[in-house]
Amino acid sequence: GVLFCCNNATHSFNYNTRAAPFRCLLEFSGFSKDCFVMTPELHQAFILLQQGQPQAALTILLNLPSLLAPDPNVRLMRGIAQSLIGDKESAVLTYQELLRDFPNHPAALINMGADLFTLSRLDEALKTLSAAKIATPDIPMVDLNLGNAHKALGQLDEALKCYDAALSLNQNYSEAWSNRGDVLCQLGRVSDAINDYKEAIRLNPANHEALHNLGLTYFEAKRFEEGLDLVNQALALKPDFAIAYNSLGIGLVRTKRIDAGIAAYQRTISLAPHLADPYFNLAETFAEQRLFHEAIKLYELAVARSDNPTSKIGALLHTKMKICDWSDYESLTQQLLNGLMTSNCAISPFTILGLPSSAALQKHAAINFSAKVYPVDPKALLKPLQPPQHDKAQIRVGYLSSDFYAHATAYL
């Protein structure tokens, strides 16, 4: 087959209250020539698609004689062209029309699953890609796509099985190693994730996504200089890699190179102004510098761009309280509490201590935050706990309070 396009999807994990995105390759497009009549017009459209001119190809495909229009490969090419120009909704409709007449058309299933993924219609994507797996059980990219869909739905164990299946079909599949590393990292298996990223890079030294993700993993292990070197390698391979600049900013800020970190976040925004994370990270940086008014404006921009803004609303509300800015307090509070009740968002419990929330909700927030920020290594549970050793005897004092709401301490 002829491969036409790749779609990228961005995923995030929280790192020290900042979101550091992961990327994963999602989709391949196939093209078959069964029962296909290659007219001069179709040949020209085919060449235009190969040359990266989908709009010109689509113009030809939409003006074909009615006799050719129903051909499955013509419709496949039309869907691919629509997808490449960014009209994913029309592409999905084209593939659905094709699949009504040819229910097991592999390339249509694979491409429709990819476009549904891009449209965040994840359950539909998973169903479509599962059908693609049945139609094409021996294509590793299908397992990769399925893994990515499961990962986006938070089904990490299922995603891991899919990446394992892809690698059983092709041990040299760099993207599968890289994406499996993403899942292992989210599961807290950092050393295994590092090994997977290294294998992905060994197989394909130009895999900028694996370089970037390995760099982020080193950040999590507090190996910042090594991580920064890898992120810079990724940027050397792909200078317009927007989220890598965001990650660069994280590493620079964490190593106290504040001005350079701010510049990296601003570069991300210039390349991808629709992303929420760089606005949020820049807001966090300004808040740490006690530039609260500037931080609030950036938090608001991050909230407006976020699909799941709960944690960002919490940071915005907390920062506004620091300067006694009570505008939109009731609205923001309700949005925050609604988000906490309906999601597993990892937000610092301290953010909601001063809010009118129930003890059960505060516990829910604390459990989510602990699980996200301090993942438990199952192997550690098998080891006996050792009390810390100190040169001098110390008295350790702790306290437990059920509620700080309406206390002066909470506001201070």
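Arginine 267 lies over the face of tyrosine 245, 5.4 Å from the ring centre; a charge counts as sitting over a ring if NZ of Lys or CZ of Arg is within 6 Å of the ring centre and within 35 degrees of the ring normal. Arginine 305 does likewise with tyrosine 279, at 4.5 Å from the ring centre. This is a predicted model, in which local features need pLDDT of at least 70 and side-chain atom pairs count only at pLDDT 80 or more, while totals for chains, interfaces and linings use all residues. Residues are numbered from 1 along each chain as its sequence is written, and side-chain values use heavy atoms, with hydrogens and water left out.

**Aromatic pairs**

- Searching the whole structure turns up three aromatic pairs, meaning rings of Phe, Tyr and Trp (its six-membered ring) whose centres lie within 6.5 Å.
- In one of them, phenylalanine 219 and phenylalanine 224, the ring centres are 5.8 Å apart and the planes stand at 35°, so the pair is tilted (planes under 30 degrees apart count as stacked, over 60 as edge-to-face and the rest as tilted).
- Phenylalanine 219 and phenylalanine 224 are buried (under 20% relative accessible area, with exposed over 50% and partly exposed in between, using a 1.4 Å probe and protein chains only).
- Phenylalanine 280 and tyrosine 299 also make a tilted pair, with 5.7 Å from centre to centre and 55° between the planes.
- That pair links distant parts of the chain, 19 residues apart: phenylalanine 280 belongs to helix H15 (residues 277–288) and tyrosine 299 to helix H16 (residues 292–305). Helices here are DSSP runs (H or I, at least four residues), numbered from the N terminus.
- Phenylalanine 280 and tyrosine 299 are both buried.

**Helices H13 and H14**

- Helix H13 (residues 242–254) packs with helix H14 (residues 258–271) at an angle of about 165°, their axes 8 Å apart; axes are lines fitted to C-alpha atoms over the stretch in contact, and angles run from 0 to 180 degrees between N-to-C directions.
- H13 is therefore roughly antiparallel to H14 (over 145 degrees; under 35 is roughly parallel, 65 to 115 roughly perpendicular and the rest oblique).

**Helices H10 and H11**

- Helix H10 (residues 190–203) and helix H11 (residues 208–220) pack at about 155°, with axes 9 Å apart.
- This makes H10 roughly antiparallel to H11.
- Where they meet, H10 contributes residues including Ile194 and Tyr197, and H11 residues including Leu214 and Tyr218.

Conventions
Helix = DSSP H or I, 4+ residues; strand = E, 2+ residues; numbered from the N terminus. Contact = heavy atoms within 4.5 Å.
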